[in-house]
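Here are some notes for a first look. They cover backbone geometry and charged pairs.

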Amino acid sequence: MATAGKPITCRAAVVWEVGQQYSIEKVEGDVPKKGEVRVKLASVGICHSDLHAQMGYEENHPFPTILGHEGAGIVESVGEDVERFKPGDLIVFTFESYCGDCDLCQSPKAKNCRKTTRNSFHRDGTSRVSAKGKALSQLNALGLFSEYTVTSQYNITKVNPAADPKILCLAGCCLPTGYGAAVNAGKVTPGSTCAVWGLGGVGMCVIMGCHDSGASKIIGIDPNPKKFQLAEGFGATHFLNPKEVTSVPETLSQMCKVGVDYCFVSVGNLSAMEEAFNSSHPYWGKTIIIGLGETGATVNVGVWDLLYGRQLMGTRYGSYKAVRDIPELVEKVVSGQIQLEKLITHRLPLDKINEGFELMKTGESLRSIIDFDLKE
């Protein structure tokens, strides 16, 4: 491409200070360094994880910053020693790296990578984008609320070019996080009962995973009954509005004969996490925590409950090795087995990003995405 080897000036949504709204700015993106790629964005999802960083819930996140971690795009140029990608490749971003060489990548037990940076800068400690003379941090060393971004070759994965880049952003976080929570972390079994707290995008993907795993009863729990019909389309069989019952655990016990086999919490609500644990079957119930809490947040569970058989676990990225496994998930999207487009309720230009976050906070949207123009 004509821009290869040159800095790029483009638009990005910048948060200058913790708690502030997004400001659309002209930013300068660097040329990719050794082992890096520069990507033109096609679509980026608006996720609660971005809100956590924006509001300072993620301890020590550096500002000013470009957030955004769930996206897809087209490789624009590559740096030195990048052999797995070339300009024009359709890719999905992953916020967890996969180098394939470190002890964590090689272990079947771990889903992390030693080459993942945890400070929202690149491995050399610097940024690849700046505005008004200031270096900007990039959430997960991605920073996808931008027309272009530079990231490590270990944080993107090449996918089937037949996939639609305008919906593919959800394959970077929402889909694997929810779907994998059911099939990988929970290991839902045929004929089992499942309950899902929170019917946002991730919760809907949990429902899909439970359905595809053969669960016989899938209960969607949400205070917004407008989401129930859509959840039914993804495989939910029953619904519960927590505002309409005295006790969610007691109600679920009646619905599932003593308790639920698998409880999934896709919201960052500590009371919901404890409620789910207490709703699980007392002798074999498994509760899987997906939603984020503030740094250092804890939940209270009974030791005797654990001794008698209840299990509590968390999952990050749906327990996938994302770079390695997301292409297989995308094949399910291409084949029509997974219909990502049904999760998208709002498509917005970058200029409307603050509106997109309001839609998410009020629960009006299931998943809003920022839609970029690939023709520019």
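1. Start with aspartate 305. This residue is partly exposed, at 26% relative accessibility. Its salt-bridge partner is arginine 310, with the closest N and O atoms 3.3 Å apart. Arginine 310 counts as buried, at 11% relative accessibility. Keep in mind that this is a predicted model.

2. Next, aspartate 371 and arginine 347. They form a salt bridge, and their closest N and O atoms are 3.4 Å apart. The pair links distant parts of the chain: aspartate 371 sits in strand E19 and arginine 347 in strand E18, 24 residues apart. Aspartate 371 is partly exposed at 27%. Arginine 347 is partly exposed too, at 40%.

3. A network also turns up. Lys33, Glu36, Asp124 and Arg128 are joined by salt bridges that share partners. The whole structure holds 20 salt bridges.

4. Lysine 158 pairs with aspartate 89, at 3.8 Å between the closest N and O atoms. Lysine 158 lies in strand E11, aspartate 89 in the loop between strands E5 and E6, and 69 residues separate them. Is aspartate 89 buried or exposed? Aspartate 89 is buried, because its relative accessibility is 5%. Lysine 158 is partly exposed, at 39%.

5. Now the backbone. Most peptide bonds are trans, and most residues other than glycine have a negative phi. Phenylalanine 63 and proline 64 are joined by a cis bond, with omega about 0 degrees. Proline 64 is in the loop between helix H1 and strand E4.

6. Two residues to check for phi. Serine 120 has a positive phi near 65 degrees and is buried at 8%. Asparagine 140 has a positive phi of about 55 degrees, in the loop between strands E9 and E10.

Notes: Residues are numbered from 1 along each chain as its sequence is written. This is a predicted model: local features need pLDDT of at least 70, side-chain atom pairs count only at pLDDT 80 or more; totals for chains, interfaces and linings use all residues. Side-chain values use heavy atoms; hydrogens and water are left out. Helices (H or I, at least four residues) and strands (E, at least two) are DSSP runs, numbered from the N terminus. Buried means under 20% relative accessible area, exposed over 50%, partly exposed in between (1.4 Å probe, protein chains only). A salt bridge is a side-chain nitrogen of Lys or Arg within 4 Å of a carboxyl oxygen of Asp or Glu.
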